[in-house]
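Dear colleague,

I am handing over the structure we spoke about, with the sequence alongside. Please look it over first, and then read the notes that follow.

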Amino acid sequence: MATTENTSESTSEITAPARGLIALPQTTARALIAVGAVATIASTFMSWTYTADFPGDLTYYGSPAGLQILDLVAGAITLLFALTLFDVRGLRWLNPAGATAPVVLAAASAFAVSWFSAIAIAVDLKGLVALDPGAYVTAIGSLIALVGTLALPSPGDTFKDWVSKPDHIPAAQKLPGWAERLVITAATAVALIVFTYGIGVDPEASETFIGYLLLVVFGTWALQAAGLFDRFATLNARHKGFATSMAFLAAAVFPFVENNEHNANLGVNILVVATVALGLNIVVGLTGLLDLGYVAFLGVGAYAAALVSGSEFSRFSGVQFPFWAAMLTGMAASLVFGVLIGAPTLRLRGDYLAIVTLGFGEIFRITVNNLDGSSGPNITNGPNGISMIPDLDIFGFNLGNSHDIGSITLGRFANYFLLMLIITGIVVVVFNRAADSRIGRSWIAIREDETAATAMGINGFRVKLIAFALGASLAGLAGTVSAHVGYSVNPAPYQFAGSVPPNSAFLLAAVVLGGMGTVNGPILGATLLYLLPEKLGFLKEYQLFAFGIALVILMRFRPEGIIANRRRQLEFHESDDSIDIPEQGLPDSTVGVTKAGA
């Protein structure tokens, strides 16, 4: 009899409905979320402050601007997720599992943007008296919505349980091919709008950019918790070629949408760093070799292109190669240096190899600094570098001149952005092909266990040397464009660490932050690391400090990077039974891991 009672008690514990942190009826909780979201949206059409001194001019009624636009988007996302709790027809795709986590995170995004805005206004304008009714309405409305989410049922009592993805997400209904492509197109367009808005924020309006970051972080987290990223990854895997084409098409449209030379220059620099980071990803992400002097290969390519550019400050001032020849020269020079440095050093492993590559990077910088004709042969013009590098001329198309396409004028940096986008596309294709090839599987086997790979017949030294040489040549390719974009090259940027990119620490951080062994990871990492210091200028000398804190937080909570390679995610979370990693939409290098492991 006692056994039966115990069994009944345990069964009742298992089947007991989950409860929220706050004891409220579910109907009331859902109503609070919806009412709070509507109040947040309505507040954006009201004045938030009496003066136009705050960035964005939030003094108007009926015309959202600056942080109000961001709060409007956050409130709309919260309302949409709240309506999924009422099982509104047509919105089931937004939260297919009816989970609590995305609703909580959406409400958190509205709360974060609203309260940050109110606090920023009060701090910048010296007191609460600067707040108009709209600021109070958005603060109270977002708080009401957040309180309502705390009454929703949760699968556990911890914060991790509260914001984690549900164990089971229903499979998406199979759509016609044209509909799936339409979804991919729409998602790509949204991504372009989000990126364009962020890069278009005035560097002086740091408050607006911080609000943008809060919205992007919590909003992305909400979509991830709802399982939408997994579903989108499945669509991408099903239409991989179309998805890749749409991504590059969106990037090509960027100069036309954001017709600003400063932002186009930012885009060029991001693509240069992303291309170099992809080359480093072959060495670090696929092969597992820690290279701390990789920026030297970028410098070799830049100097090689500058020497044959026709600049009057070049040692070979009478020589001017066409672009394709200068590009091959930069790649070949970096390739040769990669082989020369790799041949005697790649027999080392771990920290020893890292120290040697760090030394090579410093040797390169010191050498080009001394080749000025006094302390060494006159080749690089020493610390003055090679300046007045002419703009590229490709098939009669001078990239230094502005060109009109319809009613849109593409400036110099927009031209170089489109050129660099083509080069980045080539590097992406090379990376994917190499990772999925036999040599790519050998790289991954070396990364996992070099001793075991050698025992299985893989020539570790040869395989590592190929990775080193290929990565170096890709960096040299990017260097040829960067030399012409900047009009000059000098030894100063090519160091291990510094406040101004590119440098070896910056490139390595882009790979680690974005996700080692993936294609999109280094591109995302380079974008974040270049964009954040540009828009958060108020940090000034504290930029490196903030950057270090961000890396520590990332290593603690997501050591596999923002865009994770499947195998690395499993390695870092092998003790976490709740992790849910989709099989579809994974990087091709994951397949290579499995084969190499077999």
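A residue is called buried here when its relative accessible area is under 20%, exposed when that value is over 50%, and partly exposed in between. Please keep in mind that this is a predicted model.

By that cut-off Arg447, with a relative accessible area of 14%, is buried, whereas Glu448, at 32%, is partly exposed. The side chains of Arg447 and Glu448 meet in a salt bridge, with 2.8 Å from N to O. In general, side chains of opposite charge can pair when their charged atoms come close.

The structure holds 5 salt bridges, and two others deserve a description here. One of them joins Lys464 and Glu450, whose closest N and O atoms are 3.0 Å apart; this pair links distant parts of the chain, since Lys464 belongs to helix 18 (residues 460–485) and Glu450 to helix 17 (residues 450–455), 14 residues apart. Both Lys464 and Glu450 are buried. In the other, the side chains of Asp391 and Arg412 meet at 2.8 Å, N to O. Asp391 lies in the loop between helix 14 (350–370) and strand 1 (393–394), and Arg412 in helix 15 (residues 412–436), so this pair ties together parts that are 21 residues apart in sequence. Arg412 counts as buried because its relative accessibility is 9%.

Turning to the loop between helix 2 (26–43) and helix 3 (67–85), Ser47 lies within it and counts as buried, at 1% relative accessibility. The side chain of Ser47 is joined to that of Asp132 by a polar contact of 2.7 Å, and a polar atom of the Ser47 side chain also lies 3.4 Å from the backbone oxygen of Thr59. Leaving aside residues up to four places away in sequence, Ser47 touches residues including Leu58, Tyr60, Tyr61, Pro133, Gly134 and Ala135. Ser63 has its place in the loop between helix 2 and helix 3 as well, but counts as partly exposed, at 38% relative accessibility.

Finally, the axes of helix 19 (residues 504–514) and helix 21 (residues 543–557) come within 11 Å and cross at roughly 35 degrees, in a left-handed crossing. Helix 19 contributes Ala509, Val512 and Leu513 to the contact, and helix 21 contributes Phe547, Leu551, Leu554 and Met555. The residues of this contact divide into 7 nonpolar, no polar and no charged.

Technical notes. Residues are numbered from 1 along each chain as its sequence is written. This is a predicted model: local features need pLDDT of at least 70, side-chain atom pairs count only at pLDDT 80 or more; totals for chains, interfaces and linings use all residues. Side-chain values use heavy atoms; hydrogens and water are left out. Axes are lines fitted to C-alpha atoms, for helices over the stretch in contact, and angles run from 0 to 180 degrees between N-to-C directions. Helices (H or I, at least four residues) and strands (E, at least two) are DSSP runs, numbered from the N terminus. A crossing is left-handed if the near helix is turned anticlockwise from the far one by less than a right angle, and right-handed if clockwise. Contact means heavy atoms within 4.5 Å. Ala, Val, Leu, Ile, Met, Phe, Trp, Tyr, Cys and Pro count as nonpolar, Asp, Glu, Lys and Arg as charged, and the others, Gly among them, as polar. Buried means under 20% relative accessible area, exposed over 50%, partly exposed in between (1.4 Å probe, protein chains only). A polar contact is a pair of N or O atoms within 3.5 Å; within protein, one must be able to donate a hydrogen and the other to accept it, and residues adjacent in sequence count only if both atoms are side-chain atoms. A salt bridge is a side-chain nitrogen of Lys or Arg within 4 Å of a carboxyl oxygen of Asp or Glu.
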